[in-house]
2 protein chains.
Amino acid sequence: MAQIRNTPSKRFIQQALNDAGRALSLSEIQEATSGICDRVTVYRVLERLLNEGEVHRTVSLDGVVHYAKCSACETNGHTHVHDHHHVHFHCESCGDVTCLESVIPEFKLPRKYELHETNFMVSGLCPGCR
Amino acid sequence: MAQIRNTPSKRFIQQALNDAGRALSLSEIQEATSGICDRVTVYRVLERLLNEGEVHRTVSLDGVVHYAKCSACETNGHTHVHDHHHVHFHCESCGDVTCLESVIPEFKLPRKYELHETNFMVSGLCPGCR
DNA sequence: TGCTTAATGCAATTTTGTTGCAAATGTAAT
DNA sequence: ATTACATTTGCAACAAAATTGCATTAAGCA
Ligand SMILES: [Mn+2]
Ligand SMILES: [Mn+2]
Ligand SMILES: [Zn+2]
Ligand SMILES: [Zn+2]
């Protein structure tokens, strides 16, 4: 299987996601890395981080893709399957997307549906903007 | 206020969404309408249908935008605010996106978050593909 | 210190979405 | 039926976002 390498671009992006404490939009990441690495590299690094289970992706209703380090990952050393069934909140005012790790919706799929992943995105006003 | 017109393009797209009985991706709609109307018109018609409350939009985790006629709308004559808090199922095998109208997740946001819209997308295997 | 192969940069290309404007057409009034 | 008028459309141009190929670089290991 493919070996995983630790490169400056990867470190930088991971750091940014760590520091942010919220989900960053692709364009935010592009901006943050401008001068650091190429635009294409950002796409590729994020793709890799997804596969490695370091980050997860969530899409807001307006179609903007966000990436976040799932805080639940911090405890374990990874390459395990982890679920991201928590809610993501998209503030319509400030635009911030936050992982609400503790908010796990309850629902029941009809018989014979097999659940793998979820993307729960809710939008409205965050505490700061209300 | 602006008057609403019933045009062939609009009728066609609405019909397609009706007949499908599931959410159609933008590209599916583009294909279906190829020869019928221009690419730009599709964007504009869908935009209008959204505003008129005839359809709703949902985005799958892979970022693909889908449009669906919400079956709950059929009873009423519209221009009411309606919520689409139901779950959408995205089959990883056949790619179909379906509105699960009856599946409304239960969850509780932390204090001071104000909820407006939701986009609940879950993926896995649909009954047909399991 | 080399060797292997993953990762990067860069240019080119493709895909996706937007805008401006003239022409066409749906609808309601005459 | 004809007219009037705002809405809708097509088309071309533009802009933005994402993907691909390939030569070059460099991470990690022996
Ligand atoms: Mn995680
Ligand atoms: Mn509806
Ligand atoms: Zn906010
Ligand atoms: Zn299926």
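Reader: How many salt bridges are there between chain A and chain B?

Author: A salt bridge is a side-chain nitrogen of Lys or Arg within 4 Å of a carboxyl oxygen of Asp or Glu. Between chain A and chain B the count is zero. This is a predicted model, in which local features need pLDDT of at least 70 and side-chain atom pairs count only at pLDDT 80 or more, while totals for chains, interfaces and linings use all residues. Residues are numbered from 1 along each chain as its sequence is written, chains are lettered from A and ligands numbered from 1 in the order in which they are written, and side-chain values use heavy atoms, with hydrogens and water left out.

Reader: How many residue pairs are in polar contact between chain A and chain B?

Author: A polar contact is a pair of N or O atoms within 3.5 Å; within protein, one must be able to donate a hydrogen and the other to accept it, and residues adjacent in sequence count only if both atoms are side-chain atoms. Between chain A and chain B there are 12 such residue pairs, both residues being at pLDDT 80 or more.

Reader: What area do chain A and chain B bury between them?

Author: The size of an interface is often given as the accessible area lost when the parts come together. Here the value, taken with a 1.4 Å probe and summed over both parts, is about 3200 Å², with 63% of it on carbon and sulfur atoms. In terms of contact (heavy atoms within 4.5 Å), 35 residues of chain A meet 36 residues of chain B.

Reader: Which strand of chain A pairs with strand 6 of chain B, and in what sense?

Author: Strands (E, at least two residues) are DSSP runs, numbered from the N terminus, and two of them pair if DSSP finds at least two bridges between them. Strand 6 of chain A pairs with strand 6 (residues 114-125) of chain B in the antiparallel sense, over 11 bridges. Within this arrangement, G124(A) stands opposite L115(B).

Reader: By what turn and shift can chain A be laid on chain B?

Author: Two copies of a chain are related by a rotation about an axis and a shift along it. Superposed by least squares on the C-alpha atoms of residues with pLDDT of at least 70 in both, chain A is laid on chain B by a turn of 178° and a shift of 0.1 Å along the axis, with an RMSD of 0.3 Å. That is the relation of a two-fold axis. The same surface serves both copies, as 97% of the contact residues of chain A recur in chain B.

Conventions. Buried area is the accessible area (1.4 Å probe) that two parts lose on being put together, summed over both. Helices (H or I, at least four residues) and strands (E, at least two) are DSSP runs, numbered from the N terminus.
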